[in-house]
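Visitor: I would like to go through a protein model step by step. Please show it first.

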Amino acid sequence: MTTPALPDAPLVAAHDTAHDASLDPAVAARLKRDEHGLVAAVVQQHDSGEVLMLGWMDDEALRRTLTEGRVTFWSRSRQEYWRKGDTSGHAQLVRSVALDCDGDALLVRVHQVGAACHTGTRTCFEAGGDLGAVVAPLPPASPTPADSPTDTTQEDR
């Protein structure tokens with residue numbers, strides 16, 4: 001399998017709201033940001049559903065992600081934008097971006113090239129490890145359509 005060619009346009013390395021374009025106001029109005037102006041972005045492999053990592057986005061990082069086809073985050077530790085894969089080659093190629101019902105989290109579905117975690121593991125949750133939670137039993141299976149009554153009243157419709 002060959003690694004797709006990655007765009008190599010440099011990123012602006014400053015948390016700056018002065019830019020040529022801005023996030024669509026209709027999208028921006030739906031976001032509920034934290035006290036730092038950030039929204040959590042859960043990154044998921046588009047075809048398997050595997051959760052890869054969690055990053056943070058401000059309006060500019062989200063705008064870049066929506067318009068450039070590569071995932072951009074705001075680094076809370078470095079205080080700068082970073083586009084996944086620019087230095088490692090382990091890029092996240094955008095397939096879709098969705099907002100949750102509360103507006104405080106994004107689901108970014110990607111095609112992950114290489115490792116998602118900076119430690120070199122496929123996901124950041126492999127690197128962090130299982131915490132040993134108690135596993136709850138599953139409820140009994142619900143009846144299949146063949147087991148369900150077929151005669152319904154008008155109220156049930």
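Some questions and answers on this predicted model follow.

Visitor: In what order do the elements of the protein run from the N terminus on?
Guide: The secondary structure comes to three helices and six strands. Read from the N terminus on, these elements give the order α-β-β-α-β-β-β-β-α.

Visitor: Which strands stand at the edges of the open sheet of four strands?
Guide: The open sheet has mixed pairing and the strand order 2-1-6-5.

Visitor: In which sense do strand 1 and strand 6 pair, parallel or antiparallel?
Guide: Strands of a sheet pair through backbone hydrogen bonds, in one of two senses. Strand 1 covers residues 39–45 and strand 6 covers residues 105–112. Over six bridges, their pairing is parallel.

Visitor: Which residue in strand 6 does Gln44 stand opposite?
Guide: Strand 6 is made up of residues 105–112. In that strand, the residue opposite Gln44 is Arg109.

Visitor: Does Arg63 count as buried or exposed?
Guide: Arg63 is found in helix 2, residues 59–68. Its relative accessibility is 15%. The cut-off for buried is under 20%, so Arg63 counts as buried.

Visitor: With which side chain does the side chain of Arg63 make a polar contact?
Guide: Leaving out residues up to four places away in sequence, Arg63 touches Ala21, Ser22, Leu23 and Glu68. The polar contact of its side chain, at 2.8 Å, is with the side chain of Glu60.

Key: Residues are numbered from 1 along each chain as its sequence is written. This is a predicted model: local features need pLDDT of at least 70, side-chain atom pairs count only at pLDDT 80 or more; totals for chains, interfaces and linings use all residues. Side-chain values use heavy atoms; hydrogens and water are left out. Two strands pair if DSSP finds at least two bridges between them. Helices (H or I, at least four residues) and strands (E, at least two) are DSSP runs, numbered from the N terminus. Buried means under 20% relative accessible area, exposed over 50%, partly exposed in between (1.4 Å probe, protein chains only). A polar contact is a pair of N or O atoms within 3.5 Å; within protein, one must be able to donate a hydrogen and the other to accept it, and residues adjacent in sequence count only if both atoms are side-chain atoms. Contact means heavy atoms within 4.5 Å.
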